[in-house]
Every structure is written in structure tokens, then in C-alpha cells.
There are 2 protein chains.
Amino acid sequence: MVDKPGKAVVLLSGGLDSATVLAMARKDHFQCIALSFDYGQRHRIELTAAKRVADAGGAIEHRILTLPIGELGGSALTDATIDVPDASESEGIPVTYVPARNTIFLSMALGLAEVTGCRNIYIGANAVDYSGYPDCRPEFIAAFEKLANLATREGVEGDGFRIRAPLIDMSKAEIIRTGIDLGVDYNLTISCYNPSTEGLACGICDSCRLRANGFQVANVPDPTSYQARD
Amino acid sequence: MVDKPGKAVVLLSGGLDSATVLAMARKDHFQCIALSFDYGQRHRIELTAAKRVADAGGAIEHRILTLPIGELGGSALTDATIDVPDASESEGIPVTYVPARNTIFLSMALGLAEVTGCRNIYIGANAVDYSGYPDCRPEFIAAFEKLANLATREGVEGDGFRIRAPLIDMSKAEIIRTGIDLGVDYNLTISCYNPSTEGLACGICDSCRLRANGFQVANVPDPTSYQARD
């Protein structure tokens, strides 16, 4: 799919999904500005991973912006007083839900896109494996694209913005197969909600389980480095 | 208008409009959490004004969150290399337009609202005097409300959010008359894009002209302290 390529902002967490999205945006012939956030997440080692992924993935630039989402509280991912549950405990919208996170991330991406002349924003939102997060659904992405084109100079006076969520309907195994085909080195990525300070995955959180299962279903060796367990 | 009063987040810049909105939200019987942003704006003295206004306006809490909007560049309000124009130079979308500002502000307000149990968010957007800003139009506000209710746990599992922009169709004079009726002390507010370090208004920027004209049309003495000019 080559639709007027040019520059794109790619939201990059350092995880498996967004690393794949960066590779897909590059395949779409976009020059990519990778955008990561330091938002008080417990798993801040993912920012180190994001830098590795941006470099390896051929981003022309990598920006890290600091956001005070952690100050809002209310999520196990930013609030040390809330435990990150094992996968088996999850039901409905998980406690790892961060209020308005993708809305905030896309808003910042929109500002950056407008200033840097990007008309495309890529996000690794996925509705299949993470159906518990309301801001990972196709209708959310569509509503944000509509908003973006009402909110901005580019939307009003120019050609407008496209919000691209190419993983939205893919299973984790499909995402992994797509990334492998595009040469993504998943060894560089970190998905764990609760990694060690060295970046080793816990192997038991929701995100680790989904990731491990994805490699298994995709029939691809899992490159993840896990913490030793008793 | 008393529609299930409870708690509300009120975006508070320290200017005339948002001070009026806080008074209107209080009249609507909401307990108000005032929310301001330190985003690298040149006129940071407005944060001092915001604190005064929050105190005088009866907010139960005042939060100031730091946002890296200034790092994005592209606006005369955050970029010292772009001159703030006199009112006479403005045409179309002004150079004081900050890319995606209201989208970003409302996104943060949404996160705070969800965490603190507020279902209402007040914003002083106004389409009449500031028709140049795309993110001050009613269709933008409606699109954000729709997005908010797709993006969040409260939107999916609860009663959802209301984005209230009570000034949207009001002239500056109407806003001033409304605020005076509600006891707002406009002497506490700062509207100027280019104030002195002591908080004195320049008297010649777009925002100063609109404000001064508003007091004149409303037939209310202008309490603004202006810088001495040669």
C-alpha cells in the first residue's frame, strides 16, 4: 500500500507491536519519525528498547517526550501501589488500563505531525489480543482520525491526517509473522509489564503470556530473555 | 442547568474565558478540579493568574501538569523565534495557533477526569472571537466528546463524559457580562500573549484587543493593568 508516501509519525513503545508497525510504515515507503513517551511507566526500560528499535528500524529521528500521565494515577502500569496481575486474573478492562493513554499519545503525535509536516500517524493498537482496552478498538481510531481533521490547521486548510493502525485486526501470531517477513529483530523489543532492571521479562504477566503464545502459534522461536524463576 | 452535578474538571488558563467557565461550572453546582498546564508558553505568568483564579473561584483543587508542547515548536506562543503579531496582522489561522493544543489539553483532562471520578469537563473554547482556531469550534468539541466515550472505561462501562464549552457561541462582551453577574474578579486574570514579567498586558496583541473591546462593548470598566508605552 503506497498512498502518497512522505513522512510519518510512528508511536514506538519498544514493544513487539510497535516495532512491527515501524517496519510496516517503512515498507509503505514513509520516512519515519519515531515517537516514544516517558510517562512514569514502571517498565521504563522499554524506552531503551524503543531507542534500539528506532535505530534498527531505520527511523530518521527518535523523539522521547515526557508526559505527566503517572501523576494522574489509577493504573497498575504507572502506580506502584497497584499490583500488576498475572494473566489468569484479567477479566474485562484490565487494571493495566491507563486512563486516556492512547488519546493522549495520539494527541501529542498529532501535534508533532502537524509541526513536522507528517500527514500520517502509525499506532500499534490491536483489538484482538487486547480487546479489554477501549482505546484499542477500530471505532476509537476512526473517531480520533475524524477529530484530528477537525482540530488542526492541516485538517482544515490542507489534505488532512490519516491515523493508521495496521495491526488492529491481526492476531499476535500474524503480527509476529509479518514482522519476521520484514526483518524485525524481536530480540530488541520488550513487552513485559514487569521486567527486571536488566530488561528480562517476567514471563507471567498478561503481556508476556500473549507474546509467548504468539511466537508459539506463529511457529517461530521465542527470542525473549526471561528472568530465572525458582 | 443542573444535570447530575458532582465533580468536574475545569481547564483553567488564567485568562478571562476560563475564569468565567469556572464560575459557570460552580453555578452548575459542580465541585471543580481546576487543571492548568505548564507547556512552555511564553506567557507563563498566566499560571500565577490561574492559581489566583482557582482560589478565588472556589476550586476544590488546582493541578498544574507539565506538557512538552513547547518542544514541538511551530507556534508564536511557545517558540521565541516567532514574533507575536499585533492584532492588525492576523488573518486566517493565526501564528499563535498551537498545534493540537486543545486536543492535548482535553486528553489530559479526560485522563484526570476518569481517575478522579469526574464525568464533566469544562473548557473555555470560543468560536466567535477566535474563529481562527480550528480546535475552538463546536464540531471539534462534539467530536472530542464522542472520542472520549469510545476511549475510556467510563465511556464503555459507565455513564460517559460530557465536554462542556459554555462560551462556544458567546461574544467577548457576553462572556464578561456573564462573569460579572457571577462575581468573577477579572483583575485576577491575564489574557495577554506578550505580558511583562510583572504580568502587565501589552495592550496591542490580538488577545488584548479582543479583551479590551469586550469590556467596552459590555460597558464595564476594564480592570486590566497595561504596560506603560512611549
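Predicted model: local features only at pLDDT ≥ 70, side-chain atom pairs only at ≥ 80, totals over all residues.
Figure 1. A residue counts as buried if 20 or more other C-beta atoms lie within 10 Å of its own, with C-beta atoms placed from the backbone. By that test, 54% of the 230 residues in chain A are buried. Take the contacts in chain A between residues at least 6 apart in sequence: 71% of them join residues at least 24 apart.

**Figure 2. The helices and strands of chain A.** Chain A holds eight helices and five strands. Follow the sequence of chain A and the pattern reads β-α-β-α-β-α-α-β-α-α-β-α-α.

**Figure 3. Helix α7 packs against helix α8 in chain A.** Helix α7 of chain A covers residues 172–181, and helix α8 of chain A covers residues 206–218. Their axes lie 8 Å apart, at an angle of about 65°. Angles of 65 to 115 degrees count as roughly perpendicular, so α7(A) and α8(A) are roughly perpendicular to each other. The crossing of α7(A) past α8(A) is right-handed.

**Figure 4. Residues where α7(A) meets α8(A).** On the α7(A) side, the contact is made by A:Lys172, A:Ala173, A:Ile175, A:Ile176 and A:Arg177. On the α8(A) side, the residues are A:Leu210, A:Arg211, A:Asn213, A:Gly214, A:Phe215, A:Val217 and A:Ala218. Seven of the contact residues are nonpolar, two are polar and three are charged.

**Figure 5. Chains A and B as two copies.** The same surface serves both copies: of the contact residues of chain A, 100% recur in chain B.

Technical notes: Residues numbered from 1 in each chain as written. Chains lettered and ligands numbered in written order. Least-squares fit on C-alpha atoms with pLDDT ≥ 70 in both. Contact = placed C-beta atoms within 7 Å. Axes fitted to C-alpha atoms, helices over the stretch in contact; angles between N-to-C directions. Helix = DSSP H or I, 4+ residues; strand = E, 2+ residues; numbered from the N terminus. Parallel < 35°, antiparallel > 145°, perpendicular 65-115°, else oblique. Left-handed = near helix turned anticlockwise from the far one by under 90°. Nonpolar A, V, L, I, M, F, W, Y, C, P; charged D, E, K, R; others polar. Buried ≥ 20, exposed ≤ 12 C-beta atoms within 10 Å, placed from the backbone.
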